[in-house]
Every structure is written in structure tokens, then in C-alpha cells.
Amino acid sequence: ADSTAVGGVLLREGLLYLSRNQGIQKAATRTPVGQKLARRFVAGETLDDALTAIRSVNAEGMTATLDELGENVRSYQEAGRTADSYCRALSTMAGEQLDSNLSIKLTQLGLDLGPDIARTLAAKVVSTAQSCSNFVRVDMEGSPYTAITLDIVREIFASTPCVGAVIQSYLYRSQDDVRDLNRLGMRVRLVKGAYLEPATVAFPQKTEVDDNYRHLAEMLLAEGVYPAFATHDEAMISFIRTRAAAMGRSNEEWEFQMLYGVRRDLQRSLVREGYRLRVYIPFGSHWYPYLMRRLAERPGNLLFFLGNVAREARSTPPSG
Ligand code: FDA
């Protein structure tokens, strides 16, 4: 069992390492098998594809959060275009009366070029959300961005409170961050964390990450404002259900969140049982890093991927 666990960790680290490799990104996004696998986790390339997916989850009694894929943009023009596109998505969703908020990434709004541009553009998106009576969740990226992301979200929140943060239970610092955000009254999405992190900043053992998830969930249920528990882990889900009931939190005071294409059976059964469930719906052509993080979370996904590559290779006649 130990060697399987070590193999799993190495596989996860390898995939997360590859998620940052530009060369492989270019190759993978061109292959039909990469595109096919991406469709399992991504609603499509266009906003229209995503709106169709939102309509269908809304019809099943679930809410949504829309994510236009992309991260680490390298130019001011690209960051500005992304902000405009987020604002258009907000107005389109309002026009169609869809039950969906927006998830954004600050590196997509130019954070690598400096905090000022990301802060300005994020504030613009959040004030558009406010005028549409909607809400923006700022996704949390790798640990080099944690402090600056929380600083920017707190600054925007002070004047425009329809914005929330994400806290990752694998980080040692998260207990302090949850305490601080609870004190401010900011909405928090709790996740385990999806990036490759060193043991200097993050718990190396999955059991520690899970223990901390439960601990932070308790803090959010006790003192948080409309917390969101984003997980597909049935042990975490049953813990949260039990603790929320014991602490007298009604089902309307918090929500579960899950990713598009992951555990739809569980999503539906929670809704049937009267829990709120929001589906994270990504769309766009920059799906490679997102897909690699999803593969790293579950080796079974990778086997499915490799099986397809092998089948495709067998059916493609050798060239030259
Ligand atoms: P865990 O990884 O322990 O998985 C538990 C079980 O869930 C698995 O055994 C499997 O059955 C199922 N499962 C999990 N992932 C799967 C997958 N990809 N495919 C198929 N089955 C899967 N992270 C981050 O760092 N910053 C962020 O902003 C966000 N935002 C975010 C929003 C939402 C709505 C969700 C659901 C998740 C995130 N994440 C995230 C990702 C998060 O950090 C984490 O990597 C994944 O949710 C997987 O962790 P679980 O809690 O599901 O548990």
C-alpha cells in the first residue's frame, strides 16, 4: 500500500509539473485526444457553450459559477480583454436571468505584470457584478499569489462587498486567513488546494489536508458568512452535513460546490436531499493547465486518457 501511495504522489506531482510546461501545452491542445478529454471537464470553447451548460444545471435545481479558462496572461491588452469578456458574461447572464455567478483568476487579469493592473481590472469586474446584483469569486492560485490575492480581494470588498475569496486547506496559513475573513464577514469557498506546493508552506500528507479541511469547515460553519464547501470527497460532505445540522445552520446558510463533469451522481443526490449545490463551469480554449490539475486529482482520469491515446495511436497509420 505504501508503494502505491508513493506512486500516487509522484504521479500527482508529475502531472502538476507538466501543467506548467508550455511546450507540452501546445502539443496537447492540438491533439484530438486532448480535446476529447478536455470536453469531459470543460463546457466548450465559447460563452454560448457555457450558457447552455448553465441552463441545464439550473434546470436540475443547481446554481452555477462561470469560469473563462486562462491564467498567467503576459500582456496588458490580454488582461484588459479578459476583464471586458468577464463583464460581458455578467451582463449576458443577467439578461438571460441565469442563476450563476462568476469565478475569476487574478493572474488572468495581469497579476504577473504587477498588482495594480490586476486590482484595477478586478475592481471593474466586481462593480459590474454589483450593478447586475451578482457576485464574483476570486479563485486561489499557487502559494506565491496567496497573500497578494487576499490583499486585493480585501481591498475591493471594503467598497464593493459582492466579492469572495477561496481558502485552501493544504496551506499552513489558512487557519489565520479564515479567522480574518470571518471577522470581515467575507464569503469563503473552502477547497483542499490543487497546485504543487512545497512542504514549507503546505501539509505534505493528504490526511493532514483532510483534517485541516474539517477544522476550517467548522470555523466557517460557526462564524462564516454563507460559506461554500467545494469538494467531491464523500467523507468531507458527510462531516459538513452532520456538523451544519448539529450547529443549527439551515441548508440556506451555506452551499456545496463541485466541478462540471465530476461526480454528477453525487451532485444530483445532494440536490434531491435538499442541499444547495453550485457547479463550477469552465469554458474556453485555454484548458490545458485546468485539465492537468483535474488529472492529477484522480489517477483513474489519467488511465482513461492514456487508453484513448493508445487507441488513437493504433488507429493512425504510421507516417513517413
Ligand atoms: P479529493 O481530491 O480527496 O477527492 C475525493 C474524491 O472526489 C475522489 O476520490 C474522486 O472520487 C472525486 N474526485 C476529485 N477530483 C476528481 C476529478 N478531477 N475527477 C474525478 N473525480 C474526482 N483549487 C484551488 O487550488 N483553487 C481554487 O480556487 C479552486 N476552486 C475550486 C472550485 C470548486 C467548485 C471545486 C469543486 C474545486 C476547486 N478547487 C480549487 C480544486 C480543489 O482544490 C481540489 O483540487 C479538488 O476539488 C479535488 O479535491 P476534493 O475535495 O474533491 O477531494
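In which loop does Asn72 lie?

Mentor: This is a predicted model, and the values below are computed from it. Asn72 belongs to the loop that runs between strand S1 (63-68) and helix H5 (76-95). The backbone at Asn72 has a phi near 50°, which is a positive value in a residue other than glycine.

Asn72 is among the residues that lie nearest the centre of the second largest pocket, together with Gln22, Gly70, Glu71 and Pro289. In total, 34 residues line the second largest pocket, and the space in it comes to about 930 Å³. Three helices each supply at least two residues of that lining: helix H2 (22-30), H5 and H12. H5, the helix at one end of the loop that holds Asn72, gives the most to the lining, with five residues. By residue class, the lining of this pocket divides into nine nonpolar, 14 polar and eleven charged residues.

Helix H12 (288-297) leads on to the ligand, because H12 is also one of the elements that give two or more residues to the shell around the ligand. In that shell there are 25 residues, and the closest are Lys192, Gly193, Lys206, Thr231 and Glu297. A polar side-chain atom of His232 is 2.8 Å from a ligand oxygen atom. At Ala194 a polar backbone atom takes part instead, 3.0 Å from an oxygen atom of the ligand. For Arg189, an N or O atom in the side chain lies 3.1 Å from a nitrogen atom of the ligand. On its own the ligand has 930 Å² of accessible area, and the protein covers 88% of it. Besides H12, the elements that give two or more residues to the shell are strand S4 (163-168), strand S5 (188-191) and strand S7 (255-259). S7 gives the most, with three residues. The shell divides into eleven nonpolar, six polar and eight charged residues.

The structure holds one cavity of 30 Å³ or more, and the volume of the largest cavity is about 30 Å³. Its lining consists of Met140, Thr146, Val166, Ile167, Gln168, Leu171, Ser174 and Asp177. S4 and helix H8 (174-184) are the elements that give two or more residues to this lining, and the largest share, three residues, comes from S4. The lining of the largest cavity has four nonpolar residues, three polar and one charged.

Tyr226 lies between helix H9 (206-223) and strand S6 (228-230). Tyr226 also has a positive phi, about 40°, although it is not a glycine. The relative accessible area of Tyr226 is 16%, so this residue is buried, the limit being under 20%.

Technical notes. Residues are numbered from 1 along each chain as its sequence is written. This is a predicted model: local features need pLDDT of at least 70, side-chain atom pairs count only at pLDDT 80 or more; totals for chains, interfaces and linings use all residues. Side-chain values use heavy atoms; hydrogens and water are left out. A residue is near a molecule or strand if one of its heavy atoms lies within 4 Å of it. A polar contact is a pair of N or O atoms within 3.5 Å; within protein, one must be able to donate a hydrogen and the other to accept it, and residues adjacent in sequence count only if both atoms are side-chain atoms. Accessible areas come from the Shrake-Rupley method with a 1.4 Å probe; for residues, only the protein chains shown count as cover. Helices (H or I, at least four residues) and strands (E, at least two) are DSSP runs, numbered from the N terminus. Ala, Val, Leu, Ile, Met, Phe, Trp, Tyr, Cys and Pro count as nonpolar, Asp, Glu, Lys and Arg as charged, and the others, Gly among them, as polar. On a 1 Å grid over the protein atoms alone, a cavity is a set of points where a 1.4 Å probe fits but cannot get out, and a pocket is an open set with protein on both sides within 12 Å along at least five of seven lines; lining residues have an atom within 4 Å of a point. Grid points are joined across faces, edges and corners, and a volume is the space filled by probe spheres set on the points. Buried means under 20% relative accessible area, exposed over 50%, partly exposed in between (1.4 Å probe, protein chains only).
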